[in-house]
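Reader: Before we discuss the terms used for this chain, please show the sequence and the structure.

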Amino acid sequence: MRAILLAAGQGLRLQYPPDRQLPKCLLRIGGMSLLERHRQLLTNAGVEEIVLAVGFRPDLIDAELERLEWRPQLVMNERYDRGSMLTLHTVADAMTQGGEVLLMDADVLYHEGIMAALVEGDRPVNRLLIDRNFGEGDEPVKVCVRDGKPFELRKRLDPGLQHDTIGESVGFFRLDEPAACRLMKLVAGYVDGPGADLPHEEAVRDLLQEGSHCFEVVDVTGVPWIEIDFAADVLRAEHEVLPRLQMSIPRGLTTRVLGRRAQRARGE
């Protein structure tokens, strides 16, 4: 299993002055960069192969890796200002070289229980994580689930969309080899067409809606995490999420696979 961290963006919505602008994975929460936390949690979970998709200010990332004495594989997206679809396209080789893949946004502060929910189990599986406690508006990327299966993944949902469960995507996906290869074909279609500037979640949405690769949906509601997009998120990360990272997660909380009972009854 290898992890691919998407860390190419400029973090413009943080609205930092130009001289303070940096890749969001280098934000220091509680004195530790998000990148260092990713490495620690992935290593603790037994994931040693880590690929960083970088773009904006790779020199700053190089300096942090030098400080950490860590040499993961780096893949450069020269067109980092155009969005995450192109960033994902740059790591096509790492995505399709075989084995399971963890595809992860790098701008997330999260409890170890999130990682446990993502990697648990020995058999290859396609998995995504949702949190049912999320804010209103168009910012959260929402996952809609029906009969235990995810069928929609977008910020803006069609009015009246029928679902059994809805939650915010944590931004982490576990993909088996066939699903990872199919995803990259979908990404290539966007890059070769008019969709190169779209977020990579659009290709993941297509993969879900094809229905050719079954996905588990794990409900991690109650496990601390935050995606950092705005300056207010940095404050929340420091004052609300960070103090909760040492909390004990009740046993079984991060193993609630939606629809598993129904799927077993149908023999899936």
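**Terms and their grounds**

Author: Cys214 counts as exposed, because its relative accessibility is 58% and exposed means over 50% relative accessible area, buried under 20%, and partly exposed in between (1.4 Å probe, protein chains only). This is a predicted model, in which local features need pLDDT of at least 70 and side-chain atom pairs count only at pLDDT 80 or more, while totals for chains, interfaces and linings use all residues. Residues are numbered from 1 along each chain as its sequence is written, and side-chain values use heavy atoms, with hydrogens and water left out.

Reader: Why does Cys25 count as buried?

Author: The relative accessibility of Cys25 is 3%, so Cys25 counts as buried.

Reader: What makes the sulfur of Cys214 too far from the closest cysteine sulfur for a bond?

Author: A disulfide is a pair of cysteine sulfur atoms within 2.5 Å. The closest cysteine sulfur to that of Cys214 is in Cys181, 17 Å away, and therefore too far for a bond. By this rule the count of disulfides is zero.

Reader: Why is Glu69 called exposed, and where is Glu69 found?

Author: Glu69 has a relative accessible area of 72%, and is therefore exposed. Glu69 is found in the loop between helix 2 (58-68) and strand 5 (73-76); helices (H or I, at least four residues) and strands (E, at least two) are DSSP runs, numbered from the N terminus. Phi of Glu69 is near 55°, a positive value in a residue other than glycine.

Reader: Why is Asp147 called partly exposed?

Author: The relative accessible area of Asp147 is 47%, so Asp147 is partly exposed. Asp147 lies in the loop between strand 9 (142-146) and strand 10 (149-154). Phi of Asp147 is also positive, near 55°, in a residue other than glycine.

Reader: How many helices and strands does the chain have, and why is the chain called as compact as a globular protein of that length?

Author: The secondary structure comprises nine helices and 13 strands. The radius of gyration of the chain is 18 Å, close to the 18 Å from the globule rule for 268 residues, so the chain is as compact as a globular protein of that length. The radius is taken over C-alpha atoms, and the rule is 2.2 Å times the number of residues to the power 0.38. Along its principal axes the C-alpha trace spans about 55 × 45 × 40 Å, and buried residues make up 52% of the 268 residues.
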